[in-house]
Structures are given as C-alpha cells and as structure tokens.
Amino acid sequence: MAEIKPYSMCWLEYTDLNKYRDKYRRIFGNIVVLGDNSLNLPLKELRDFLTYSLGIKPKIFRNTFANTSNFVLIGKLSDVRKVLKGLDEFEFSLGEEGFLIKKVEFGENSILILTAKEYVGLIYGVFKLIEKLKLGEDIDKINFLSNPSLKFRILNHWDNLDGSVERGYAGNSIFFKDNKIIINDRNKDYARLLSSIGINGIVINNVNVKKKEVELLTIPYLKKLKELAKIFSAYGIKIYLSINFASPIYLGGLNTADPLDKRVSLWWKTKVDEIYEYIPDFGGFLVKADSEFNPGPHMYGRTHADGANMLGEALEPYGGFVIWRAFVYNCLQDWRDMKTDRAKAAYDNFKPLDGKFMDNVIVQIKYGPMDFQVREPVNPLFGGLEQTNQILELQITQEYTGQQIHLCYLGILWKDILEFDTYAKGKGSEVKEILKGNVFKIKNNGMAGVSNVGDNINWTGHDLAQANLYTFGELAWNPDEKIEKIVERWIKLTFGDDEKVVENISYMLLNSHKAYEKYTTPLGLGWMVNPGHHYGPNPEGYEYSKWGTYHRANYEAIGVDRSSRGTGYTLQYHSPWREIYDSIDTCPEELLLFFHRVPYNYRLKSGKTLLQTYYDLHFEGVEEVEEIRRRWIELKGKIDDKTYERVLQRLNMQVEHAKEWRDVINTYFFRRTGIPDEKGRKIYP
C-alpha cells in the first residue's frame, strides 16, 4: 500500500490502475538503469508508481541489460548511445531540459527508452511517462520527444515568514511558520507536483519584503534554505528569493542603497558570494522596487536599469538572474486628476530603458496594464520591449477572480494572452513567440505564476482550482498546447476516465471564466470590488481612492477614454491594434469599457444598448453558474464523497455570491440612470 498522505496528491495520486496491468506488465517488469546513483530518484518515482498503481514490482538491473527481451531503459543520452545505435540524431534535437520516450526494437529486444541529455530531463521525462501510463496510452509505437518552449517557468509565492500568505486562499504557507522555515515531507511532495508539470524555479517569499523577511538573506536562514533548496533541486527546481532593495541599510548598516554607490554594490557582491556558499544552484532575486511603497533606485535618482544591473553584476559570476517586476505606477493618484492613467505606467517607465538591462536581468510584466482583472488588454510592453528579456506574469491565485471560492478556470484567458499578436515585427508576433525568443531573438524569457497553493488538504482551497496550477505548468512548457486537451488530461489524471465525469467537468471549467466575467464586470470594466481584500461587489469601492482604478460612472456614461483623444494609452500599441482600440466602432466589445467612455444608450453590435447588455449579462452569468453547479450535482457517486461535498459547498456559495454581484451591479446602474430592464426582471430600486 502507498503511504496515505494527510493531503491530496492532486494529479499525482496513486490510484488503482489494475485495468492497465496486463497492458504494461510485459515491458515494465524489468528496468535497466545506466548511470550512477544520481538516477535513484527518477527510478524511485517510476518504481513507486508501477508498484502502487499497477501492482507491478519491477526487477532493477544496473548498467547491464536485463535477462529478458523486454525492458525499460533509463539513462542519460551519452550512456544510452554507448549501448544502442541509431540515437545520434537526438544529440542535436534534445535541449538541456528535454527528454525522449521511445520504443525501439534492438535485435530480439523490445526496449522502451527514457533518456535525456541532463539529469533534469530525466526527472521531467519520468513524470511524463507516468502521466501517459495513468492515461492508459499505447506505448508500443511511442516516439515522444519534448523540449520546453520557454527557459524560465517559475512560481511566485507571496508567503510571509509568519506563515501568512498575501492573496492566499488555500490556508497558510507550506514554507514558513512563526518566522521559521518548514522542512518536511510536504515540501518534497510539492516539488514532485511542480516537477511533474515542468516548473524549474520557485520564489518562496512575498514580493512585498517586510523587515523580518529581509533577514532571509542572513546566515541562520540561509542554513535552512540550503536544506529546502536541496529538496527542490533534486526535482530540477531552483529556488529564488524576493529581496528588499534597501537590504544594505537594514542588514549592512549602510546609510544608503544607491545602486551606483560602490559600498552598496560591494555589499551585494559579498552577500551573493555568501548565498552561493550555502545554495550553489541558487536561481537569483525577484525584485519589486519603487512600487507600492517598496524602496528602489528612484529614491536616489537612478533608473530601474541601474538598480537591476547592479544586482545582475553580483549574480553574473554564478549564473544567477535578476527578475525585476514592471509593476510600477503612481499609487498616490488624485482621483480628480483626469490626465494620469495607471494603465500607461509600466510602458512609460520601461520602454525608455529597452536595451539597457544586462543579459541576466529579466523584466517581469503583468499580463495586462492594471492588475490581474478578469479581463484586460495585453500589456503593450509585450512587443514594446525589443532588446530586453521578459517574463509574462500571470496570477494563478484568484485575487480578482473569485478567490478560490468561485470556480474560475483561467486557462482560456491565458491562452488568449499567449496568442495575442502584438504585430511588433508584423503579423505572427504573438506573445508566445516573443517568449520563445522567435521575434526578437532574445532567449532569457519565460512565464511566472503567482501561486494558488497553501496548506489546505487539497492545496488550493477549491479542488477544481488545481486545474489552474496544472494548466500554468503545461502552458509554460508548451504554449502551443490546446486548452481543451490540457483540461481533459487534468480531469482524467485527477478523477479518472469516466465519460460523464470528463464531459461535465470539462464543461464546468471551460465555461466558468466567461460566467464569472458576466456576473461581475464584463466588457473590460474591471475593479468594482471591496477595497483591501478584493472580494465581493462594491461599484465605487476604489472610485475615489489613491490607486488609479477609476470607472468614472455618472448618470449618462461610464469608462475612461484611453484613446488618442483621451489619455493616449492606445498609442502604446503597434498598428493595427492602435487604430482598432482607438475607435469605439472597432474596439473589441469585451474590452470596450477599458478603452472608451461610453454612453449607456450606446448600441452594441447586438443592437442592444450598453445598459441593457449589462443587465442581460449579469442575469446570464447567474444562470450559467447555476448550470455549472447542476453539472457537478450530476456526478454524485462518481466522485469521492469528501471531494464532492467540498466542491458542492463552494459552488453553492458561488451561486449565492453571483446573485449578489448581479443585484448590486444592476441596482447601481439602475439608480444611476433610472432606466429599467427592458425584460422587467427584478432590479432593486
């Protein structure tokens, strides 16, 4: 029996797959391992799966062929090529993190090969092989070579040393408690989960680095981080730290953090030397600077490039990287100021610095210009920065999309972002191609996801929110992957292959984001949430605040004019988007209220007025989430009872909260305009 964990193992659960035993017994009864003890971990992963899920207890042969004609062969490509011919072509097609799973006939032997150039490829490869076996795939003719499309595939944890998680909706931190670092089996199981979806980096602490978290750079914490790093390193994952730019003041006793001050740069170089003594494969630093009251180089009249490059110089000898967030804007805006536009800030700050960053500096850019709303236009920095490494930042944790109480599958939104054509070099300049390095020939790019994980029994609060984590990893490895295939695969790996289960959960996931958008803030409006915790409807929660998140609704119109006649935000895009977004007639309606100030009586392409459309969408959104709940109820008896009840409880809450959103927003506009719903439905006066 496999060890029973006090928490779910998500898509890696050792489920009973005896129905496939006869199918796989012949070849998986014997495993040949070429190489030293460094391969013990991938071997253990495969052997445990075969034993606990398929009831196959394989014989292990080390550096010698099995005494049978059928076996699995695991080893680095350099070792495999010594005993098998015909693999020379893969020397050139396999990348550093790639792997090959291939069935070959060698004389009288039938061999399933799992090979890679480097150890990390074998780790990723063994999890992919396990996935294929869990799905019952035919391996007799398998020839599967896979390299990650993106170099950096990173999770950002916003965990604090006291154990709290900023924007966390799944319990407390799995890394920290009472200002101490946690080292336990759950760390290892988390590393396994992330490795199985190709994650290769993890930032373990909050980007908002408070004074206690600054101490993570000190020796007592580095000693514990060394232990944690070894756990993740075994699974091909480097750890990174978020740092406070003023650390030389807090920790070094200096009176400045000026990046051009030699004392400051020397302090950082000495500190980096110290870090690498403890963590030889340390990934580097994530920096939130000059943003929302975090200190940065602007305090000293320096640029973001000055600050980032100073840190880059310290990390360069060790192969480390600086990931510098582009989330910079005026967070003390006067709501009466009609010219300042928060949406323009990232581009205005970083476009002039294009080409001035070192090669080991990467600018991390939020997908949209604001802050992870249910829908925003793609940030114009993608396509705007032509000589700068860049990471696409997505929010897996559902800060503005239901906080893992609501089911809101984000894969469809992410896919739209990745496939957005920036036209930076003409047609075909999609965001995903920029990140691959195919548009500007810059390779140190990737994706970062703000983690949705905590210490809840199911890791993500909502069991179905695990799909967002899984999807992030799959898209970071291969942004060309079809979302429907990812969804189907996750369902089968997590719940099995019952047709009704696959059909219903696929429907639920693939329709949930659009439903959420409809009953909250459709047409690109955004915000309208309660300040601070960002949950639940509040149409004017941020309307007169300092954060620059205004919709400026009055009795006749709503929206901010971001056209060339307004704030000029549309001018940050390449043509034809510049012209498309600039006109109210051609602007995509799903973003209409982001780009334009629109009268309530303006008629959309449907022929309905803006206001009637808003009423209709909110009623439709509630109906759609009720249908999603109904689809789940149909699965009673097909899902284990505890999971079924947890999800049903959340869906019940979602239906009620969707009704509240509908009624609050519709009533707000009815009171603003005095215009009733044409269909006579209940709107509270």
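**Sheet, helices and contacts**

Analyst: Let's start with one residue pair. In strand β6, Asn-143 is the bridge partner of Lys-102. Keep in mind that this is a predicted model.

User: Which strand does β6 join there, and how do the two run?

Analyst: β6 is joined to β4, residues 99-106, by 4 bridges. The two strands run antiparallel.

User: What's the strand order in the whole sheet?

Analyst: The order is β2-β1-β3-β5-β4-β6. That is an open sheet of 6 strands with mixed pairing. The edges are β2 (59-62) and β6 (143-146), each pairing on one side only. From one strand to the next, the twist averages 25 degrees.

User: Which strands does helix α1 lie across?

Analyst: Helix α1, residues 21-28, lies across β1 (30-34), β3 (70-76), β4 and β5 (109-116). Its angle to β3 is about 65 degrees.

User: Switching to helix pairs. How do α5 and α6 cross?

Analyst: Helix α5 (residues 119-134) and helix α6 (residues 185-196) cross at roughly 80 degrees. Their axes come within 9 Å. The angle falls in the 65 to 115 range, so α5 counts as roughly perpendicular to α6.

User: Which residues make that contact?

Analyst: From α5, Ile-123, Tyr-124 and Phe-127. From α6, Arg-192, Ser-195 and Ser-196. By class, that is 3 nonpolar, 2 polar and 1 charged residues.

User: How many salt bridges in the whole structure?

Analyst: The search finds 59.

User: OK, what about α21 and α22? What's their packing angle?

Analyst: About 170 degrees, with the axes 10 Å apart. Helix α21 covers residues 610-633 and helix α22 covers 641-673. The angle is over 145, so α21 is roughly antiparallel to α22.

User: And what is that contact made of, by class?

Analyst: It has 19 nonpolar, 6 polar and 4 charged residues.

User: Last topic. What does UniProt place at residues 460-681?

Analyst: The UniProt record, an unreviewed entry, places "domain: Glycosyl hydrolase family 67 C-terminal" there.

User: How much helix and strand is in that span?

Analyst: Residues 460-681 are 51% helix and 2% strand. The end C-alpha atoms of the span lie 37 Å apart.

Technical notes:
Residues are numbered from 1 along each chain as its sequence is written. This is a predicted model: local features need pLDDT of at least 70, side-chain atom pairs count only at pLDDT 80 or more; totals for chains, interfaces and linings use all residues. Side-chain values use heavy atoms; hydrogens and water are left out. Two strands pair if DSSP finds at least two bridges between them. Axes are lines fitted to C-alpha atoms, for helices over the stretch in contact, and angles run from 0 to 180 degrees between N-to-C directions. Contact means heavy atoms within 4.5 Å. Angles under 35 degrees count as roughly parallel, over 145 as roughly antiparallel, 65 to 115 as roughly perpendicular and the rest as oblique. Ala, Val, Leu, Ile, Met, Phe, Trp, Tyr, Cys and Pro count as nonpolar, Asp, Glu, Lys and Arg as charged, and the others, Gly among them, as polar. UniProt positions are given in the numbering used here, feature names are shortened, and annotations may be inferred rather than shown by experiment. A salt bridge is a side-chain nitrogen of Lys or Arg within 4 Å of a carboxyl oxygen of Asp or Glu.
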